[in-house]
Amino acid sequence: MSRTTKFAAMTAAALMTAAAGATALPPLEDNPRIMHELVAGEVGYQIQKHCPTISPRYLRAISRLGKLKEYALSEGYTEEEMRALDGNEAAKAKRDALVAEYLFENGVVEGDPDSYCRLGLEEIEKNTLTGWLLRAN
């Protein structure tokens with residue numbers, strides 16, 4: 001095999017490996033870090049929505065979303081994929097199911113603001129991502 005043929009074969013193998021890696025990305029909603037952070041944000045939203053003594057930290061939320069976007073881009077996701085995630089009803093349903101499960105497992109009862117407040121204060125005290133996004137008034 002000539003030097004040129006070897007080089008061409010190695011280049012083709014490298015390109016095929018790179019292409020295979022690019023297509024190997026799971027959908028955004030199946031990326032554990034992305035889903036974890038989206039769930040944490042939605043849990044925080046539900047807490048501040050139902051608890052009158054807890055408010056959101058908007059600047060922190062915006063900053064965290066920016067970092068999550070940077071992470072997604074560094075993983076090889078595109079801006080188009082990120083925009084599509086926002087309108088993906090199946091992904092929202094998956095996230096909402098995880099949020100409902102988390103709230104239930106942590107004693108939140110729909111229609112009971114005190115249960116949301118209790119969880120919010122616990123999250124703030126533990127300095128979880130959800131707690132970091134909230135402020136007790």
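Here is a short chat about helix packing, salt bridges and a surface patch in a predicted model.

Visitor: What should I keep in mind about the model?

Guide: It's predicted, so local features need pLDDT of at least 70 and side-chain atom pairs 80 or more, while totals for chains, interfaces and linings use all residues. Residues are numbered from 1 along each chain as its sequence is written, and side-chain values use heavy atoms, leaving out hydrogens and water.

Visitor: At what angle do H2 and H3 pack?

Guide: Two packed helices are described by the angle between their axes and the distance between those axes. Here H2 (residues 32-50) and H3 pack at about 165 degrees, with axes 11 Å apart. Angles over 145 degrees count as roughly antiparallel, so H2 and H3 are roughly antiparallel to each other.

Visitor: How many salt bridges does the structure hold?

Guide: Side chains of opposite charge can pair when their charged atoms come close. The cut-off is a Lys or Arg side-chain nitrogen within 4 Å of an Asp or Glu carboxyl oxygen. The structure holds eight. One of them joins glutamate 37 and arginine 64 at 3.0 Å, N to O. That pair links distant parts of the chain, with glutamate 37 in H2 and arginine 64 in H3, 27 residues apart. Arg33 joins Glu37 and Arg64 in a network of salt bridges.

Visitor: Is glutamate 37 buried or exposed?

Guide: Buried means under 20% relative accessible area, exposed over 50%, and partly exposed in between (1.4 Å probe, protein chains only). Glutamate 37 has 9%, so it's buried; arginine 64, with 29%, is partly exposed.

Visitor: Where is leucine 59 found?

Guide: Leucine 59 is in helix H3 (residues 58-75), and its 72% relative accessibility makes it exposed.

Conventions: Helix = DSSP H or I, 4+ residues; strand = E, 2+ residues; numbered from the N terminus. Axes fitted to C-alpha atoms, helices over the stretch in contact; angles between N-to-C directions. Parallel < 35°, antiparallel > 145°, perpendicular 65-115°, else oblique.
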